[in-house]
Amino acid sequence: MSIKFCCNRKHRPKIGVIRVMMQTIEKMHTFDRAQRVKFAGGEGIVRSFKFEAQHWTYLVEMPLGQEPQFGRVGAETMVLLSETELRAA
């Protein structure tokens, strides 16, 4: 079995792309989707997460409590939190 390398510049990876991939691998997310987490304001379930500005940001859904007299307004139970603000439940 032989490995062939392409000499065409179009097929070479750019250094910036490699650098970004290495940073992403070094900083894997701590929490997964559907995982229960706690934070200063309560607790909830991770719905999504995103790596940006060199840290992980999580969208956490808090459980609905009793419906208030004035009704509900949209996604009032969703909170955007940094990884440093969360801990496993």
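# Burial, core, sheet, charges and rings

Me: What does Ser82 count as, buried or exposed?
Reply: The relative accessibility of Ser82 is 19%. Buried means under 20% relative accessible area, exposed over 50% and partly exposed in between (1.4 Å probe, protein chains only). At 19%, Ser82 therefore counts as buried.

Me: What is left out of the side-chain values?
Reply: This is a predicted model, where local features need pLDDT of at least 70, side-chain atom pairs count only at pLDDT 80 or more, and totals for chains, interfaces and linings use all residues. Residues are numbered from 1 along each chain as its sequence is written, and side-chain values use heavy atoms, without hydrogens and water.

Me: Which residues is Ser82 in contact with, leaving aside neighbours within four places in sequence?
Reply: Ser82 has its place in strand 4. Strands (E, at least two residues) and helices (H or I, at least four) are DSSP runs, numbered from the N terminus. Contact means heavy atoms within 4.5 Å. By that cut-off, the partners of Ser82 are His55 and Trp56.

Me: What is the relative accessible area of Thr57?
Reply: Thr57 is found in strand 3. Not counting residues up to four places away, Thr57 touches Ser48, Phe49, Lys50, Glu52, Leu80 and Leu81. Thr57 is buried, as its relative accessible area is 13%.

Me: Which strands are the edge strands of the sheet?
Reply: Two strands pair if DSSP finds at least two bridges between them. The open sheet has 5 strands in the order 4-3-2-1-5, with antiparallel pairing. Pairing on one side only marks the edges: strand 4 (78–82) and strand 5 (87–88).

Me: Which residue of strand 5 is the bridge partner of Val37?
Reply: Strands 1 and 5 run antiparallel and are joined by 2 bridges. In strand 5, Val37 has as its bridge partner Ala88.

Me: How far apart are the closest N and O atoms of Arg36 and Glu43?
Reply: A salt bridge is a side-chain nitrogen of Lys or Arg within 4 Å of a carboxyl oxygen of Asp or Glu. The structure holds 3 of them. Arg36 is partly exposed at 42%, and Glu43 is partly exposed at 32%. Their salt bridge has its closest N and O atoms at 3.3 Å.

Me: How many residues apart are Glu61 and Arg47?
Reply: Glu61 is partly exposed at 27%, as is Arg47 at 37%. Their side chains meet in a salt bridge (2.6 Å, N to O). The pair links distant parts of the chain, strand 3 for Glu61 and strand 2 for Arg47, with a separation of 14 residues.

Me: What is the N to O distance between Glu52 and Lys50?
Reply: Glu52 counts as partly exposed, at 37% relative accessibility. The side chains of Glu52 and Lys50 meet in a salt bridge, N to O, at 3.9 Å.

Me: How many aromatic pairs does the structure hold?
Reply: Rings of Phe, Tyr and Trp (its six-membered ring) pair if their centres lie within 6.5 Å; planes under 30 degrees apart count as stacked, over 60 as edge-to-face and the rest as tilted. Ring pairs link Phe31, Phe49, Phe51, Trp56 and Tyr58 into a cluster. The number of aromatic pairs is 4.

Me: Why is the pair of Phe49 and Trp56 edge-to-face?
Reply: Both Phe49 and Trp56 are buried. Their ring centres are 5.6 Å apart. The pair is edge-to-face because the planes are at 70 degrees.

Me: At what angle are the ring planes of Phe51 and Trp56?
Reply: Trp56 is buried at 9%, whereas Phe51 is partly exposed at 23%. The ring centres of Phe51 and Trp56 are 5.2 Å apart. This pair is tilted, because the planes are at 55 degrees.
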